[in-house]
Amino acid sequence: MVQKVSVDNIIELRNVSKIYDGKYAVKNASLTIKRGEFVTLLGPSGCGKSTTLRMIAGFEMPTEGQIIFNGKDITNTPPHERPLNTVFQRYALFPHLNVFGNIAFGLKLKVIPNGTKVNRKGETVQLFRKFTKEEIKKKVNDALKMVDLEDYGHRNVASLSGGQQQRVAIARALVNEPEVLLLDEPLGALDLKMRKDMQLELMDMHKRLGITFIYVTHDQEEALTMSDKIIVMRLGEIQQIATPEKIYDEPANAFVADFIGESTILSGTMLDDYKVEFCDTVFECVDSGFKKNEPIDVIIRPEDLKILPKDDPNSLLSAEVLSSVFKGDHFQVMTLAAGNELMAYSNENCAVGSTVGLYIKPFDLHIMHKTRLINEIDTYITGENLVEICGTDFDCVTTLPEGTPVKVSVDFDDVEITDDEEDGTIGATVLSSIYKGSYYQAILSTDDHYIFFADTDDDWLKGDRVGIKIAPEKILIEVRDENAKEEQKTVIDETLTEEERAAIREEQKTPAPEFDSDEELIEEYGVDGEYETDEKEDEE
Amino acid sequence: MKKIVLKKFRLTKKVFSFPYILFLLLFVIVPLVLILVNAFLDGDNRFTFDNFKTFFTSPASTIVLGNSLLVGVITTAVCLILGYPVAYILSKMSSGRLIVLLYVLPMFINFLIRTLATKAIFIAMNVELGMGTVLFGMVYNYLPFMIMPLHTTISSIDKSYYEAAQDLGADKATVFLKTTLPLSVSGIISGITMVFIPTISSFAISQLLSNGKIFLFGDSIQLSFEQNLYGVGSIMSLVMLAFVLVSNLIMNKFNSNSDNVRRSLW
């Protein structure tokens, strides 16, 4: 069974990590790509998607983990020996060669089998030869034809438009007949119209050639349009691997939901199986297997939220219209229900200030475990009423002696963000800020890479430097057992069949986790304190 | 009544170029004209073609010319062979820029003092002064002019070209031959220009480092003017000018072939 899986899978990454200057660019990424698939690595800038692609291409060596190609370990194979070709972000067409020269570059270097002969020792030896001039000419012209640039062979690459350069870059990669084509944000430099055309052309090429495409983009629409499978990444970690439909309909966590399409994310409580409470109202849903009264995130897509007249019997929730904006084929209506803002798409304009009823099908309520319920840090007491958090001593209220190992917990509400870095006890960088109906959940990274979650009233700008303050009485301290083991986490590729999953687990020799529902397959995306432990040794 | 329009003087960008234009006129154009005039005058300030005859018929001057070209070509070739690997390695290093500065540092000392010091070292080591020592002095003096433009060009080559070449199946040697080398042509040309032209026109270095045994074109021009042979000196200067112009033209021709490569500062 293991064998069968590796034949279908052309590329496999096993626990691949890449560390730059002690920071994880890619962390423990495991994924499989099937032969002939169109796979997209999707995520915001700096999420590690390009680094992952560059590791597959061979330009970067993984710090840890293995890359398997056709069942063979290619982790240490140099790029020129890998049977894959890349279309680069800014094309990287050679300026000293014309279009023909650029496309012929790879062909001129290639050696092909040319019969066998028996040498003196009686062994059969494989002979190789290079392509002849005529063969190269024919192949280049065919490649030019494929990208609709038949008469451009003699042209200087600098004289071509962005779209034409793009086509030359694709032809240059495809003329070598690679088994896998890697594309690193290839459409990023093109204008919108051109991009849409190229998207369709690439999809068409993928269908015709039947080779595997691995595509990197930050454009969620592009990913949803083109891919067979999407791998969503964030902060170097894989968030979800699934088909576009599944990514859209069943995002693994608040980040994926926020990144893919428009959505309203609200905090709620799972009262019981099939029963969820948010906006002070109990709703029916189709999810089960949560703990009783577990705090959860509810995701509602605006197109799923129906606006009804105020007294409609089907109405589940009464809301006030805050705004209504015409968007071409629909109105984007912002409503306020029980202090939470909900976005809806409506075919009719709604009067601002009027009261309406809202309806949503139980099936359209997407319920997810909260990534983290509380900020937890393993640390030590450093003095009288002092505890170390991220390298700095915080005032706290405790009777424990100095040096006691403790677990510190801080509620999201109690993390205070200050505009000026100097005003806080420690400095941090804002990684993201997600609106949750009535407040923003900010995610902050301190200088030693601990991630703080904070609920605030303000929307903090991504990338900004801020200060973090915590009131002494809000720091909850618990004595910790130092020998406790860290839990291992895994992301499961949702496009795999149950059989394949079993095979992967067997290969990784980890015990199979038990799943109650799909949501549990999903990994939480918080980066925990485990960064701090062995970073120093890994520095290059 | 006629209206007299006085042009108002305004401080435009153009005005700032006036001092240099004046300088150019006085110290470049006027001397050139003087040389041209002198070339056709004999000792009594009469028009004559004799100066040309004297220069082109005397075997001594053609030997000097040949010698100069030979020294120029060898110096340039040695500088390129020594300088390219240095520039290449330094462009791969993060501290390369600093080390390039170390190569330039000797230029802070006056070249005459440097050359005299080199001569003293050769004498102390009992090395016979001759063609070898002259070539050494030339290479020593002009090597930085080769390394600087090469380093600038090689380090400005986009790394993605190397990756693209690797991706298309090129090993390290092929990446160098098929991308780095052709993409650094403009730097090579700048380097050659900056070494070859000063070398063929240099004087003093050859005189000092060969004890006057080796006589280059620059030296003989100096000598002619010292001996008040203005006519012959001017002819030589014109011949030299022709060589500089021709080599510049050839270099530009080469350079325009690789025009789309970002030109180096030099």
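This is a predicted model: local features need pLDDT of at least 70, side-chain atom pairs count only at pLDDT 80 or more; totals for chains, interfaces and linings use all residues.
Close-up 1. Two residues lie between the strands in the hairpin of E13(A) and E14(A), where Tyr274(A) adopts a positive phi near 65 degrees.

**Close-up 2. Strand E13(A) beside strand E16(A).** Strand E13, which covers residues 264-272 of chain A, also pairs with strand E16, residues 294-300 of chain A, in the antiparallel sense and over seven bridges. Within this pairing, Thr264(A) has Ile300(A) of E16(A) as its bridge partner.

**Close-up 3. An open sheet of five strands in chain A.** The strands follow the order E17-E21-E18-E19-E20 and pair in the antiparallel sense. Strand E17 (306-308) and strand E20 (340-346) of chain A are at the edges and have a single partner strand each, so one side of each has no neighbour in the sheet. On average, and with direction ignored, neighbouring strands of this sheet are turned by 45 degrees against each other. Strand E18 (residues 317-326) and strand E19 (residues 331-337) of chain A run antiparallel and are joined by six bridges, and Val321(A) stands opposite Thr335(A) in E19(A).

**Close-up 4. The contact of domain 1 with domain 2 in chain A.** The domain assignment divides chain A into domain 1 (1-83 + 178-252 + 490-523), domain 2 (93-175), domain 3 (262-369) and domain 4 (375-486). Domain 1 of chain A brings seven residues to the contact, while domain 2 of chain A brings five residues. On the side of domain 1 that touches domain 2, the residues comprise seven nonpolar, no polar and no charged.

Note on methods. Residues are numbered from 1 along each chain as its sequence is written. Chains are lettered from A and ligands numbered from 1 in the order in which they are written. Two strands pair if DSSP finds at least two bridges between them. Helices (H or I, at least four residues) and strands (E, at least two) are DSSP runs, numbered from the N terminus. Domain bounds come from an automatic or database domain assignment. Two residues are in contact if their C-beta atoms, placed from the backbone, lie within 7 Å. Ala, Val, Leu, Ile, Met, Phe, Trp, Tyr, Cys and Pro count as nonpolar, Asp, Glu, Lys and Arg as charged, and the others, Gly among them, as polar. Axes are lines fitted to C-alpha atoms, for helices over the stretch in contact, and angles run from 0 to 180 degrees between N-to-C directions.
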